[in-house]
Amino acid sequence: MNDKLITGLLATLLLCGGCGSDDADTTEPPIVVPPPVADSIDINEAAAINLTLAQFDGDSGALSFSLADDSAQAITNVKDYRITYFGFPDDESPSRKAKAWKRWHVTHSYACDSAAAQCDGVLVESDKGQYSFEAIGLNWDDNSAPGAVKRYKVAIEINGALASNELTLQPATPPAT
């Protein structure tokens, strides 16, 4: 009887835990990793260009701005631009000239055409969609009386393969106090 009991016990053990093939048949679903969310777009793929002027120093022409498309993706790899600076006299200064009602202005333009490899000024992308521009050789006294230019504005045009930004004349930002 002991043989029958031992044989039955061994048979039960083999049936309950003898083969582990049941575990091998179950497959776990693969882990799906979502693609990274794009937070930037190349200038030549952007269908719209929105420029936000962050800072503009009229005396030196130094400026910083950000670029984004309509879905708020930062625009990168800007190469082609036209930046025009405008200098005006002080509104409060009287003039003895007969045509003083015609408010004069002085302009300085900087452009970059990457196809022609001809660039004026220095445009630097500091972070995705964040740019700064240095106007090399900007001298307000070139075409006006020394010290006559008191107010400054800038027009920035950024060009991509599919779009350009809306051109607006922006005043210089007041110095921080």
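Modeller: A salt bridge is a side-chain nitrogen of Lys or Arg within 4 Å of a carboxyl oxygen of Asp or Glu. This is a predicted model, in which local features need pLDDT of at least 70 and side-chain atom pairs count only at pLDDT 80 or more, while totals for chains, interfaces and linings use all residues. Residues are numbered from 1 along each chain as its sequence is written, and side-chain values use heavy atoms, with hydrogens and water left out.

Biologist: How many salt bridges does the structure hold?

Modeller: Side chains of opposite charge can pair when their charged atoms come close. The structure holds one salt bridge. Its partners are the side chains of Lys128 and Asp39, at 3.1 Å from N to O. Lys128 lies in the loop between E8 and E9 and Asp39 in the loop between helix H2 (21–25) and strand E1 (40–42), so the pair ties together parts that are 89 residues apart in sequence. Helices (H or I, at least four residues) and strands (E, at least two) are DSSP runs, numbered from the N terminus.

Biologist: Is Lys128 buried, partly exposed or exposed?

Modeller: Buried means under 20% relative accessible area, exposed over 50%, and partly exposed in between (1.4 Å probe, protein chains only). Lys128 is partly exposed at 43%, and Asp39 is partly exposed at 45%.

Biologist: Which cysteines form a disulfide?

Modeller: A disulfide is a covalent bond between the sulfur atoms of two cysteines. Here a disulfide is counted when the two sulfur atoms are within 2.5 Å. A search of the whole structure finds one. Cys112 and Cys119 form this bond, with their sulfur atoms 1.8 Å apart. Cys112 is buried, with a relative accessible area of 8%, whereas Cys119 is partly exposed at 44%.

Biologist: In which sense do strands E2 and E3 pair?

Modeller: Two strands pair if DSSP finds at least two bridges between them. Strand E2 (residues 50–56) and strand E3 (residues 63–68) pair in the antiparallel sense over six bridges. Thr52 stands opposite Ser66 in E3. The hairpin of E2 and E3 has six residues between the strands, and Gly61 there takes a positive phi near 85°.

Biologist: What is the bridge partner of Ser66 in E9?

Modeller: The partner in E9 is Gln130. E3 and strand E9 (residues 130–134) pair in the antiparallel sense over four bridges.
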